[in-house]
Amino acid sequence: MVIFEPFRAIGYTTTSVPFSVQRLGTEAFVTVSVGKAFQIYNCAKLTLVLVGPQLPKKIRALASYRDYTFAAYGTDIAVFKRSHQVATWSAHNAKVNLLLLFGEHILSVDVEGNLYIWTFKGIDENLDPVGHIKLEENFTPSCIMHPDTYLNKVIIGSQEGSLQLWNISTKKKLYEFKGWKSSICSCVSSPALDVVAVGCADGKIHVHNIRFDEELVTFAHSTRGAVTALSFSTDGQPLLASGGSSGVISIWNLEKRRLQSVIKEAHDGSILSLHFFVNEPVLMSSSSDNSIKMWIFDTSDGDARLLRFRSGHSAPPQCIRFYANGRHILSAGQDRAFRLFSIIQDQQSRELSQRHITKRAKKLRVKEEEIKLKPVIAFDCAEIRERDWCNVVTCHMDTAQAYVWRLQNFVLGEHILKPRPENPTPVKACAISACGNFAILGTAGGWIERFNLQSGSSRGNYVDPSERSICAHDGEVVGIACDSTNTHMISAGYHGDIKVWDFKGRGVPSRWEVGSSVVRIVFNRLNGLLAVAADDLIIRLFDVVASRMVRKFEGHTDRVTDMCFSEDGKWLLSSSMDGSLRVWDVILARQIDALHVDVSVTALSLSPNMDILATSHVDQNGVYLWVNQSMFSGASKVDSYASGKRVVSVKLPSVSLTKGSEAEDSDEPVGNSEQLKDAPALPSLVQQIPDLVTLSSYPKSQWQSLINLDIIKERNKPIEPPKKPEKAPFFLPSVPSLSGEIMFKPTGSTNEEAKGGEESSRIKAALAPSIFLQALQSSAEMKNFSEFTDFIKTLSPSSLDMELRILQIVGDEDEEEPEKLLPIGLLLDYFIHETACRNNFDFVQAVIRVFLKIHGETIRRQSRLQDKASKLLDVQCNTWQRVDKMFQSARCMVTFLSNSQF
């Protein structure tokens with residue numbers, strides 16, 4: 001087993017599979033694919049409502065109907081009812097590319113031209129297709145659609161450029177359209193009868209009458225690329241929306257037969273799907289850039305504006321960092337976006353604003369990509385000053401200035417930090433001081449300068465007089481770090497020189513050489529250790545105060561990509577391009593765990609609570625979360641889960657929580673770890689910690705009510721007797737019982753035999769032991785009172801008080817009847833046992849108090865009970881004195897500190 005187990009992936013909105021839209025009542029829902037799982041969003045606010053389970057392979061097509069979702073993966077089709085898989089359809093021998101909802105049937109088409117018809121009514125009984133059609137050999141299907149009002153008929157487009165009209169009921173081809181000598185990429189039916197729109201690979205859109213096989217109008221995209229998606233408006237406006245592989249959405253006016261508007265840079269990737277909502281001027285689009293957007297046509301000029309969207313990184317993240325006590329993750333990607341992901345609620349994830357990018361791009365008539373900041377290569381944050389001023393600083397690729405961000409408003413700050421403006425070089429490293437007031441920047445020319453974050457002004461630079469040029473390092477500054485008290489600032493040069501600077505005086509009290517080119521550094525403010533990764537693949541730990549190396553870790557076989565310390569400074573985590581992620585124990589100076597993934601880790605971050613690890617990977621647009629097993633299990637030692645020097649292969653986490661670590665083509669769990677049965681057992685709830693007592697989970701109000709029951713009864717005593725209502729309702733006469741069950745009185749009878757039988761039954765019921773006594777006696781015989789404790793916990797305070805009072809002995813006849821003392825003696829044995837075991841301490845003490853209040857006089861007069869009471873007193877004193885001794889130490893310390901003068 002390994003310490004970090006796959007949990008889930010975040011940051012994925014959609015992948016390169018067209019979505020499926022359905023309406024349930026007044027709400028619309030869209031189903032999208034995210035790799036091997038699917039997600040369902042509510043279109044009202046694009047809120048995530050459901051995540052489907054993980055499938056063995058990536059989803060290739062989707063369809064949905066009410067609570068059912070159909071997902072094609074490989075050669076199979078999975079049928080889900082909400083998030084539960086209810087069936088798997090397996091009839092194809094080739095990969096399924098297309099799915100179409102057709103009434104109460106699903107049509108599936110594979111790459112070899114096989115069309116199967118499935119019914120999902122009575123799906124549990126029949127898993128076989130109800131029909132099969134084999135298309136022609138020289139006909140490769142590329143799209144399928146159903147023309148409105150055409151009963152049992154579908155149109156299938158092909159990569160060869162032709163279309164075919166089929167009757168799926170008779171399984172016959174009715175007609176073949178010659179096409180336009182270009183591959184057909186999309187096809188959609190229009191609100192007008194007999195009219196369809198066909199999108200081709202040459203960028204042309206043909207509006208065609210299929211009844212007469214006549215072309216009505218042809219549109220052509222101005223940009224190169226295929227027409228990948230089409231949709232007709234149904235709100236009365238004669239509009240046709242088309243999307244291409246260039247990411248541009250074009251809106252065509254069918255009445256005027258011309259282009260009405262263009263949504264430039266609607267997406268950064270190819271348009272996958274377009275859908276006009278029924279009777280609404282709202283268009284939904286999805287793209288391979290990991291985004292879903294909704295556009296509304298409500299402007300005076302007829303142009304569309306962005307209504308709402310849900311997106312993630314369209315390119316892999318390069319830097320990630322936990323924020324807000326582990327609830328959020330800051331992520332900077334190669335797509336020039338700086339994002340904040342929530343690991344708790346998807347709706348809180350967002351992209352940080354770069355201030356009016358769209359408006360500035362329109363005004364300057366340039367692309368938004370040209371105005372956006374270049375990709376972030378390094379950043380640092382400080383939560384302490386979030387409400388006061390900007391608390392994040394970022395360094396960007398080939399940029400000679402750094403930018404600040406205000407996370408409270410999720411926006412780019414007003415200041416731009418420009419180190420050494422007379423001789424600018426790209427900023428390569430940055431750090432924020434522990435107080436949150438200063439940002440330190442390092443450049444590619446070896447210059448280090450300090451800035452005030454509140455004003456954005458320079459507060460001096462760090463210059464080493466021993467260097468040949470006036471700078472801090474002879475070469476690029478690789479990393480910068482500050483200690484927790486603003487005493488020292490540490491910087492690392494590319495050539496392997498580490499320098500410790502006086503933060504205020506800006507001198508160099510100490511320095512040392514690593515002996516190899518430095519790749520990355522990370523500093524832990526708690527223990528004052530600096531981890532340095534070099535080109536020789538060795539990770540060295542230096543004590544900054546002592547200026548000497550204290551640890552050396554070897555094991556990576558390729559370049560180290562990232563490192564991070566745990567919050568307590570006991571662990572160091574490192575990742576490498578060899579695909580491994582290793583956990584090093586700083587105190588024991590050894591590797592305690594290592595895992596290997598197929599896709600190399602590029603960045604990692606461990607949450608402050610050490611419960612979740614976040615990683616980003618090569619060519620992966622999401623952020624992957626791993627859980628720390630030692631934080632959620634009963635194992636007292638990490639070695640119970642750690643693999644030691646052995647490297648364990650695991651799969652990346654999935655979007656879905658279920659089967660998150662399955663292999664791609666296997667149903668077996670991933671990893672070379674031991675079976676779960678060999679894992680350490682969780683500690684039992686009855687297991688005691690030495691010298692401590694265990695409290696019950698019983699509500700405090702319940703056992704306090706038991707102690708103060710007399711006061712409660714006196715307070716709730718009625719002031720006057722109840723009055724009979726004028727019109728009393730009919731009811732069955734009943735008598736109360738201690739068990740709470742209603743006992744109905746028999747109908748009135750004047751028969752003497754009935755009266756005598758009733759009297760005898762009452763006597764028998766009075767002589768029979770109650771459930772309370774039966775549970776007490778059986779527990780005493782087994783010498784295990786846990787069941788009796790659970791039983792009396794279920795009783796209400798008044799019922800428990802009544803059971804204890806029933807055992808009360810009145811008069812001096814107890815000397816002649818010792819069996820009446822037996823229940824009291826058994827209760828004393830129960831109290832001795834529970835107090836000695838230190839279980840349910842608060843609840844047992846409350847019961848003892850009530851018991852002694854009721855039976856104290858009886859125990860005083862009976863010598864045989866006095867011995868047990870003395871034993872209970874001794875056990876009580878010994879148990880409490882241990883706890884009180886520890887409390888006394890804490891009380892003395894608090895008293896001393898509260899009376900001290902600082």
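# Reading strands, cores and salt bridges

Visitor: Which residue in the turn of the hairpin formed by S15 and S16 has a positive phi?

Guide: Gly 161 does, at about 110 degrees; 4 residues lie between S15 and S16 in this hairpin. This is a predicted model, in which local features need pLDDT of at least 70, side-chain atom pairs count only at pLDDT 80 or more, and totals for chains, interfaces and linings use all residues. Residues are numbered from 1 along each chain as its sequence is written, and side-chain values use heavy atoms, with hydrogens and water left out.

Visitor: Which strands pair with S15?

Guide: Strands of a sheet pair through backbone hydrogen bonds, either parallel or antiparallel. Two strands count as paired if DSSP finds at least two bridges between them. Here S15 is joined to strand S14 (residues 141–145) by 4 bridges, the two running antiparallel. Cys 143 stands opposite Gly 157 of S15. Strand S16 (residues 163–167) also runs antiparallel to S15, with 5 bridges, and Leu 165 of S16 faces Ile 155.

Visitor: How many of the 6 residues of S15 are buried?

Guide: Buried means under 20% relative accessible area, exposed over 50%, and partly exposed in between (1.4 Å probe, protein chains only). In strand S15 (residues 153–158), 5 of the 6 residues are buried, so the strand is largely enclosed by the rest of the structure. Across the 902 residues of the protein chain, 49% count as buried.

Visitor: What does another hairpin look like, such as the one formed by S8 and S9?

Guide: S8 and S9 have 2 residues between them, and Arg 82 in the turn has a positive phi of about 60 degrees. Strand S8 (residues 76–81) pairs with strand S9 (residues 84–89) in the antiparallel sense over 5 bridges. Phe 80 stands opposite Gln 85 in S9.

Visitor: In what order do the 4 strands of the open sheet lie?

Guide: The order is S10-S11-S12-S13, with antiparallel pairing. Strand S10 (96–102) and strand S13 (131–134) are the edge strands, each pairing on one side only. On average, neighbouring strands of this sheet are turned by 20 degrees against each other, direction ignored. For such angles, axes are lines fitted to C-alpha atoms, for helices over the stretch in contact, and angles run from 0 to 180 degrees between N-to-C directions. Within the sheet, 4 bridges join S12 (residues 114–119) to S13, and Tyr 116 stands opposite His 132 in S13.

Visitor: Which residues touch the most other members of the largest nonpolar core?

Guide: In soluble globular proteins, nonpolar side chains tend to be buried together. A nonpolar core is a set of buried Ala, Val, Leu, Ile, Met, Phe, Trp, Tyr and Cys residues joined through side-chain atoms within 4.5 Å. The largest one here has 35 residues, and those touching the most other members are Phe 772, Phe 788, Leu 800, Leu 827, Tyr 830 and Phe 831. Several helices each supply at least two residues, including H9 (822–837), H10 (841–861) and H11 (863–899). H10 gives the largest share, 9 residues.

Visitor: What is Leu 827 in contact with?

Guide: Contact means heavy atoms within 4.5 Å. Leaving aside neighbours within four places in sequence, Leu 827 is in contact with Phe 772, Leu 776, Phe 788, Leu 804, Leu 807 and Phe 851. Another core, of 26 residues, lies apart from this one; among its members are Ile 3 and Cys 564.

Visitor: How many salt bridges are there?

Guide: Side chains of opposite charge can pair when their charged atoms come close. A salt bridge is a side-chain nitrogen of Lys or Arg within 4 Å of a carboxyl oxygen of Asp or Glu. The count is 24. One of them joins Lys 499 and Asp 464, with the closest N and O atoms 2.5 Å apart. The two residues are 35 residues apart in the chain: Lys 499 is in strand S44 (residues 497–502), and Asp 464 is in the loop between S41 (458–462) and S42 (477–482). Asp 464 and Lys 499 also belong to a network of salt bridges with Glu 467 and Arg 511.

Visitor: Is Lys 499 buried or exposed?

Guide: Lys 499 is buried, at 2% relative accessibility, and Asp 464 is buried, also with 2%. In another salt bridge, Asp 298 meets Arg 305 at 2.8 Å, N to O. There, Asp 298 is partly exposed at 40%, and Arg 305 is partly exposed at 38%.
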